[in-house]
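The following exercises are to be worked through with the sequence and the structure at hand. Each task is followed by a solution in steps.

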Amino acid sequence: MNFRIADTFTDSLSKLTNEEQKAVKTTAFDLQVNPANPGMQFHKLEKVKDKRFWSLRVSSDLRLIVHKTEDSLLLCYVGHHDNAYQWAECRKLETHPQTGAAQLVEIRETVKEIIIPQYTEVQKPSAPVKPFLFANYSDEELLKYGVPPEWLNDVRKANEDTILELADHLPGEAAEALLCLATGTLPQIIPPAVVGSDPFKHPDAERRFRTMHNIEELERALEYPWEKWIVFLHPAQRQMVEKDYGGPARVSGSAGTGKTIVALHRAVFLSRSNPEARVLLTTFSNTLANALRIRMRRLISNSPRIGERLECIALNEIGLRLYEAKNGRTRIVSDGEIAKIMKEASKDVPDHKFPLSFLITEWKDVVNAWQLNTWEEYRDAKRLGRKSRLPEKQRGILWSIFEKVRTKLQTKKLLTYAEIFTRLAAHFKKSKKLPFDYIVVDEAQDVSISQLRFLSALGAGRKNSLFFAGDLGQRIFQQPFSWKSLGVDIRGRSRTLRINYRTSHQIRMQADRLLGKEITDVDGNTEERRGIVSVFNGPNPAIMVSDSQKKEIDTVAKWIAGRIKEGTLPHEIGIFVRSSAQLPRAQSAVEKLKVPYHILDDTVETAGGHISISTMHLAKGLEFRAVCVMACDDEIIPLQERIEMASDDADLEEVYNTERHLLYVACTRARDNLLITSGNAPSEFLDDLQTSRLMC
């Protein structure tokens, strides 16, 4: 007998308390082991249209909705008695007549009172009638996108005001396709299934339903319901994962579109498809590498031997390991040591008038980043991203300082990571023995110049060897530079994900206002942010500006209490602040509620039953049902210290861009609820968000 779980089941399971989830999982395990067990209390539902729906008793009030046939059991939904019965009465499982895919379809008649009034509402004489978005589409066209036949008329009557509510009632593949069409994007059409084939084998069904082959697989699926989308791939994602690329390739997309999931699946796919290959899954920081490693283990847990050839480690760590394997123990210079050495070197050049902050950034972003070793190289450098003019005479003065810094580092036998990666790149460019056959890079927008030079040496000339996932709108650590100049040319092999699974439509729309409609990299590759659609709705995000930090803390505490009262669990709540100096404000808000909390460190491991508190820089890779972004005050974001360090207009623009990206990253960690607060003069970025602001 086929035993399956639907994504609607894992969604509903994640909304229960920990104790309730344990009871449901026990019942699910017992059901898979022996569906005919007399102890299983199945109850036939009388008011349902689909007579194959049954209720299974979990506890005195909890009910599991199961779709049962002679050869199949499908876990569809779990909830409290009345809620579960109501869900079943409004659904049916059927095979779509055009696509051949299995679908859980909401019965049209049960939502008539919700949808129809919006279409029949009398327009005021002065109000223009909004056009129907899909009036010109034929039945055949709409059916190709998975629209259930009984919903065709409603789809044709949808306008820009009603499309989002309508989408909530349609199967996921149909809702996604219609939202794409509404935003001017042509969705992918999956070829219909062969007549007589298994409707659960269709790509649209495979991302909604998963077959469980044994107890261990079910246990893994139920252990991480919040991570279910690691398993359920969208067809567009699967195409990117399994495609054969003739050179370096990149997948992009705004926050929540599943870039990291594509990267994870790509790494596993390469490992499975090439049994002898060594695969590296990497990113720019230890923090993100830890998060990737946890997800990777969950994904390959049923094939643990893949982990012997698939390594997940941060770029700096793998670079240092490879370098030390050949050269022995190495000392890496710290930022503090660089500042001290730079200050001493500049004192020996008394005629210069450059502030220390300029010297450090010029060293970091130009001299060290590009590994300029001679006066001629520095003299001729284009200084991309640093547009302040530097005549040759001034460059000569600067080089006299930087040369002293280089000499000091050599004397102390200190190396920078840029130097390590540059040496490794030179070595592997000549070597026939490479440490990895394939490399997959997540958060590629923050990979450094020297790291990319190293990656280029390892794989730029080989098919499928380099795969990148990233979002230019989330670049917060690196200045822009040309990938093509370093041998990594992704033109023609760059794709954008447009379906947002993590963040509600309302939150995504607000957060996107922090960024432009499109972002172009130095090589001319453009990432359009238009046409991105979210697959679900939620409450509008709120901005609350207080006239004191104390009132802000009270406001946040009240908001968190409201979320918990609604059923959000503590570990589903995250609070972010710009830097560690603002952490006490977040702690004070949670302490007022006497709810356990956990301040995240570089391992970025959340704790069950605890609210997570973190700086924005650690937000990458995290997601919560409810997020509060606190302390969005003037001089905190954008950070005044960074503004004062900017040496020219280009530097200042870069500061503002990366600070915007930082706030964008924090806001898009939220799935359903988002609150942004200020406890003093509000940040100018709050005006850019253009949403209603409450004063308190």
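**Exercise 1.** Which strands and which helix make a right-handed β-α-β unit? Determine also how strand 15 pairs with its neighbours.

*Solution.* The model examined here is a predicted one.

Step 1. The right-handed β-α-β unit consists of strand 14, helix 20 (residues 449-459) and strand 15.

Step 2. Strand 14 (residues 438-441) pairs with strand 15 in the parallel sense, over three bridges. Within this pairing, valine 441 has phenylalanine 468 of strand 15 as its bridge partner.

Step 3. Strand 9 (residues 249-252) is also paired with strand 15 in the parallel sense, here over four bridges. Alanine 469 in strand 15 is the bridge partner of valine 251.

**Exercise 2.** Are the faces of strand 15 covered or open?

*Solution.* Step 1. Side chains in a regular strand alternate between the two faces of the sheet. The two faces are therefore examined separately.

Step 2. On one side lie Leu466, Phe468 and Gly470, and on the other Phe467 and Ala469; all are buried.

Step 3. Both faces are thus covered, and five of the five residues in strand 15 (residues 466-470) are buried.

**Exercise 3.** In what order do the six strands of the open sheet stand, and which strands are at the edges?

*Solution.* Step 1. The order is 2-3-4-5-1-8, with mixed pairing.

Step 2. The edges are formed by strand 2 (42-44) and strand 8 (209-212); each has a single partner strand, so one side of each lacks a neighbour in the sheet.

Step 3. On average, neighbouring strands of this sheet are turned by 35° against each other, direction ignored.

Step 4. Strand 2 runs antiparallel to strand 3 (residues 53-57), and three bridges join them. Lysine 44 is placed opposite tryptophan 54 of strand 3.

Step 5. Helix 1 (residues 7-14) lies across strands 1, 4 and 5, at about 30° to strand 5. Helix 2 (residues 18-33) lies across strands 1, 2, 3, 4, 5 and 8 and runs at about 160° to strand 5.

**Exercise 4.** Why is helix 16 largely enclosed by the rest of the structure, and where does helix 16 bend?

*Solution.* Step 1. Of the 13 residues of helix 16, ten are buried, which means that this helix is largely enclosed. Among the buried residues are Phe358, Leu359 and Trp363.

Step 2. The buried residues of helix 16 pack against helices 15, 17, 18, 19 and 24.

Step 3. Helix 16 (residues 356-368) bends by about 30° at glutamate 362, a residue that is itself buried.

Terms used:
Residues are numbered from 1 along each chain as its sequence is written. This is a predicted model: local features need pLDDT of at least 70, side-chain atom pairs count only at pLDDT 80 or more; totals for chains, interfaces and linings use all residues. Side-chain values use heavy atoms; hydrogens and water are left out. Buried means under 20% relative accessible area, exposed over 50%, partly exposed in between (1.4 Å probe, protein chains only). Helices (H or I, at least four residues) and strands (E, at least two) are DSSP runs, numbered from the N terminus. Two strands pair if DSSP finds at least two bridges between them. A crossover is right-handed if, with the strands pointing away from the viewer, the path from the first strand over the helix to the second runs clockwise. Axes are lines fitted to C-alpha atoms, for helices over the stretch in contact, and angles run from 0 to 180 degrees between N-to-C directions. Contact means heavy atoms within 4.5 Å. The bend at a residue is the angle between axes fitted to the seven residues ending there and the seven starting there.
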